[in-house]
Structure formats: C-alpha cells, structure tokens
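Hi,

Here is the model I said I would pass on.

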Amino acid sequence: MRFLITLNMPSRKGELVHQIVCKYPVDTIDQFCDVINGSDFILVEEFYRKPDNAGFFSVGKMVINTMHIGKIKEDNSSQ
C-alpha cells in the first residue's frame with residue numbers, strides 16, 4: 001500500500017516539513033500503524049512524482065525513523 005508520510009523535520013530544500021510518498025507491504029493503514037508502533041525504524045520504498053504529474057516512479061529503498069513521523073495518509077492518487 002502507498003502512503004504519504006509527513007515527517008517532523010525540515011526537507012533538504014529548507015521547508016519546515018518533509019513529506020515522502022512510499023510503499024510498505026501491508027493491506028491497510030491500521031496494519032501500517034501497528035508496524036510503526038512496534039518499530040524504531042522501518043524500511044520503505046520511496047517514490048517521486050513524475051514531472052508531468054502522471055503518476056510516480058520508484059527512487060529505491062529508504063529507512064525511516066518512526067520517532068520523526070508526524071502524520072500518515074493513504075495515498076489514493078493515480079498510479
């Protein structure tokens with residue numbers, strides 16, 4: 001499932017919040033919440049939006065420190 005995660009840390013562009021789009025192998029946001037609540041770090045696949053806004057492309061794996069997550073939303077935008 002794909003998620004939009006807002007992190008409580010600045011982005012590399014200097015924005016006050018940092019958002020990432022990622023996939024994690026769960027079926028529901030509730031399952032993802034359980035994983036996060038039981039882990040200090042999680043391994044996700046990160047995605048960037050295509051320049052023409054027509055979907056996403058993978059930029060590889062990344063590890064997230066769950067202590068810096070501010071909010072999580074299911075990403076239901078088009079693939």
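Before the strands: I call two of them paired if DSSP finds at least two bridges between them, and strands (E, at least two residues) and helices (H or I, at least four) are DSSP runs numbered from the N terminus. This is a predicted model, so local features need pLDDT of at least 70 and side-chain atom pairs count only at pLDDT 80 or more, while totals for chains, interfaces and linings use all residues. Residues are numbered from 1 along each chain as its sequence is written, and side-chain values use heavy atoms, with hydrogens and water left out.

First, the hairpin. S3 (residues 41–49) and S4 (residues 56–65) run antiparallel, joined by nine bridges. Arg49 has Phe56 in S4 as its bridge partner. Six residues sit between the strands, and Asn53 takes a positive phi near 65° in this hairpin.

Next, the core (buried Ala, Val, Leu, Ile, Met, Phe, Trp, Tyr and Cys joined through side-chain atoms within 4.5 Å; buried is under 20% relative accessible area, exposed over 50%, partly exposed in between, with a 1.4 Å probe and protein chains only). The largest one has 13 residues, and Phe3, Ile5, Tyr24, Phe32, Ile42 and Ile64 touch the most other members. Strand S1 (2–7), strand S2 (18–23), helix H1 (29–37) and S3 each give two or more residues to this core, with S1 giving the most, three.

Finally, Phe41 lies in strand S3 but counts as exposed because its relative accessibility is 52%.

Cheers
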